[in-house]
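Please look over the sequence and the structure shown here before reading on. The report that follows takes the whole protein before turning to a single residue.

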Amino acid sequence: MYAAIVESTVPAGRIVGLDTAAAEQSVGVLLVLTHRNAERLPYLQADQRPPVDPVSGEQLRVLQDDRVLFRGQPIGVVVAATQAQAEHAAALVRVDYDLDPAPCTHFGPERGRPTSAAAQKAGRGPETRQGDPDTALAAAAHRVDHVYVQPREQHHAMEPHATVAHWHDGHLTLWDKTQWVGNVRDEIARVFGIPPGTVRVINPFVGGAFGSALRPWPHVALAALAARRTGRPVRLELTRRQLAQSVGFRPHTEQRVALGADTTGTLTAIIHEAIGQTSTYEEFAEGTLTVPQVTYASPNRRTSYRLVAMNTNTPCPMRGPGWATGLLAQEMAMDELAVELRMDPVQLRLRNYADHDPRNGRPWSSNALRECYRLGAQRMGWDTRDPRPARTRAGHDLVGLGMATALYHSNRYPTQASATLLADGTAVIASATSDMGPGTYTSISQVAADTLGLPLDRVRMELGDSDLPPAKEHGGSTTMASVGTAVHAACQALRAQLGDLARQQAGADVADGARSAAPVDLVAVLRRAGLTHVRADGHSEPGPEQQTHSSVGFGAVFAEVRVDADLGTVRVPRIIGAYDIGRVVNPTLAHSQVIGGMVGGLGMALLEQVDWDPHLGQVMNGNLAEYLLPVNADVQQLDAVFVPGEDITANPLGVKGVAELGLCGVAPAIANAVWHATGTRLRELPLTPEKVLPALPVGSFGG
Ligand code: MOS
């Protein structure tokens with residue numbers, strides 16, 4: 001059966017009247033479910049919140065009461081024999097509201113309030129302080145102090161969120177778009193108050209996500225609820241418009257960055273104050289402030305985060321969450337400081353290089369940031385850049401070059417995996433992770449093939465099933481460090497088991513060293529032993545390096561822009577990034593991940609913004625016609641180079657995260673290049689023609 005959601009049409013209030021008669025009598029309809037006839041669900045709370053959920057507040061409970069907290073909230077679900085019948089009937093439901101006279105639909109920075117104790121414990125504000133930054137800023141020889149605005153952005157993965165729910169013999173199977181099958185299983189089990197062992201979540205392919213599928217959204221519970229009531233499998237797919245109000249978003253954020261420096265360009269003060277939006281029912285705070293806390297050395301530093309609670313759905317991580325946002329403001333401010341100092345932007349960053357983590361004095365697990373600046377600048381031809389703005393022209397265009405530092409944390413999560421060698425000579429590796437597009441299947445299979453000494457085409461990976469050995473979120477660019485090391489461990493254990501077998505087969509006289517020395521024909525050992533398969537398990541978890549070192553992926557991004565002198569349109573002929581990501585497991589996939597991130601950064605700089613109407617409290621462009629994303633014609637020369645190396649302090653594979661680092665720093669590099677092209681600093685993204693046009697130098701082309 002097919003389901004369609006009935007959405008609230010007001011931003012805040014209570015439902016006082018519901019007429020479902022027409023919908024119930026509509027052709028093909030099996031069920032119309034609202035808070036009036038839906039069962040009360042336990043919604044048990046987790047002992048420990050999953051790290052991808054907001055740190056405080058309470059998730060939206062579907063059809064449990066008459067409250068409306070945002071426009072587009074699911075307030076009913078219709079189940080019918082076809083999708084068209086369900087959607088038609090959903091449109092027939094009549095709802096009357098008692099309106100909240102003063103909904104919070106306007107992002108007023110003045111309404112920003114400190115984050116909760118829970119968020120503070122998780123390192124999200126409200127304030128960190130080293131030294132006396134305000135006094136140092138006032139006394140600085142050079143200073144900049146500005147506010148940078150980043151609009152709400154939407155993930156808009158190509159494949160929409162969808163769930164099929166099927167109850168059978170007291171068990172629930174969900175086919176669901178998710179980056180974390182284990183999280184969906186556990187949360188839905190708590191929603192219905194049933195043992196997690198009775199829920200299975202299957203998702204072999206994600207279809208893109210960018211962070212929107214890290215947690216189960218209300219429609220998953222809705223599908224399960226409708227399936228339970230009808231006793232039929234139910235399929236619920238969100239429309240493109242529903243995605244814009246259902247599955248999280250990158251929050252609108254306003255950041256004040258004030259930097260003070262002495263006459264040599266050495267930073268003496270860093271002040272970074274961010275205000276971001278959240279919903280009224282959950283507190284989502286981006287990790288924006290890690291950026292000013294770790295990027296540069298400075299004796300005086302203050303960071304703070306405040307939240308504006310609004311009648312909207314809850315934001316969530318989106319590609320490079322927090323880091324991309326913090327870098328946007330910080331790296332534009334650094335560019336402004338370089339102008340103030342009459343100093344080269346790369347030199348300014350080198351001058352303030354942090355040779356250890358400024359938060360805690362720990363050494364980096366590895367850090368080739370200076371090499372990234374050097375390599376990127378060389379590839380871009382940075383030394384030919386005229387530092388004066390609005391001086392370089394090409395035909396009818398103003399030409400600009402800009403750059404920015406890129407950083408993204410490198411973590412690993414506790415993960416389990418299995419490796420099974422079959423008598424037909426193939427190996428199956430398994431872990432309950434996901435592949436939302438970075439190539440998990442391929443790159444993790446490579447690790448297994450290398451460890452087992454098998455050709456890649458003899459290795460098969462299973463993922464996306466909550467019955468597999470548990471893994472945490474396929475997010476935070478942690479999958480290779482987490483799942484890769486667990487699979488590596490499982491394959492080593494498998495080799496050891498087969499090595500033991502081989503020694504038994506050869507007799508006790510084989511030297512112990514043979515275990516790792518001469519390559520053993522693993523399949524031959526298996527066959528001789530008459531076994532159909534041998535399975536070994538492996539696990540990986542963060543080790544003592546977490547207490548002794550800080551692990552971050554680094555990069556330097558360079559962009560060239562061409563600004564049409566009459567139209568104010570910005571084209572980006574080149575983006576070049578140099579990165580330190582430790583060991584590169586698969587150069588093709590890593591390159592692809594990074595240039596994909598660059599496309600995201602291009603969208604952030606020039607195109608992407610959710611149009612929010614504060615009067616209606618409504619997303620106005622919940623579609624792919626008006627929410628602009630870069631298309632092929634926008635994307636020109638993109639290149640990424642990797643500094644050779646491996647980070648064996650971080651994990652046994654020597655890898656750091658790749659994917660999200662690629663989006664970080666791109667938007668500020670482009671914005672800085674637009675300043676260099678035009679001579680005008682634009683501090684509110686995206687840099688659309690109506691903003692760039694007034695910024696153009698008057699008469700620069702003699703009319
Ligand atoms: Mo990424 S925002 O952790 O999916």
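## Basis of the report

Two residues are in contact when they have heavy atoms within 4.5 Å. Among contacts in the protein between residues at least 6 apart in sequence, those joining residues at least 24 apart account for 82%.

This is a predicted model, in which local features need pLDDT of at least 70 and side-chain atom pairs count only at pLDDT 80 or more, while totals for chains, interfaces and linings use all residues. Residues are numbered from 1 along each chain as its sequence is written, and side-chain values use heavy atoms, with hydrogens and water left out.

## The protein as a whole

The protein has 18 helices and 29 strands, where helices (H or I, at least four residues) and strands (E, at least two) are DSSP runs numbered from the N terminus. Its C-alpha atoms fill a box of roughly 80 × 80 × 50 Å along the principal axes.

Of the 703 residues in the protein, 60% are buried, a term that means under 20% relative accessible area, with exposed meaning over 50% and partly exposed in between (1.4 Å probe, protein chains only).

## Leucine 172

Leucine 172 lies in strand β12, which covers residues 171–176, and is buried, with a relative accessible area of 1%. Beyond its neighbours within four places in sequence, leucine 172 is in contact with several residues, including Trp167, Ile188, Val199 and Ala224.

Glutamine 130 is 42 residues from leucine 172 in sequence, and their C-alpha atoms are 52 Å apart in space.
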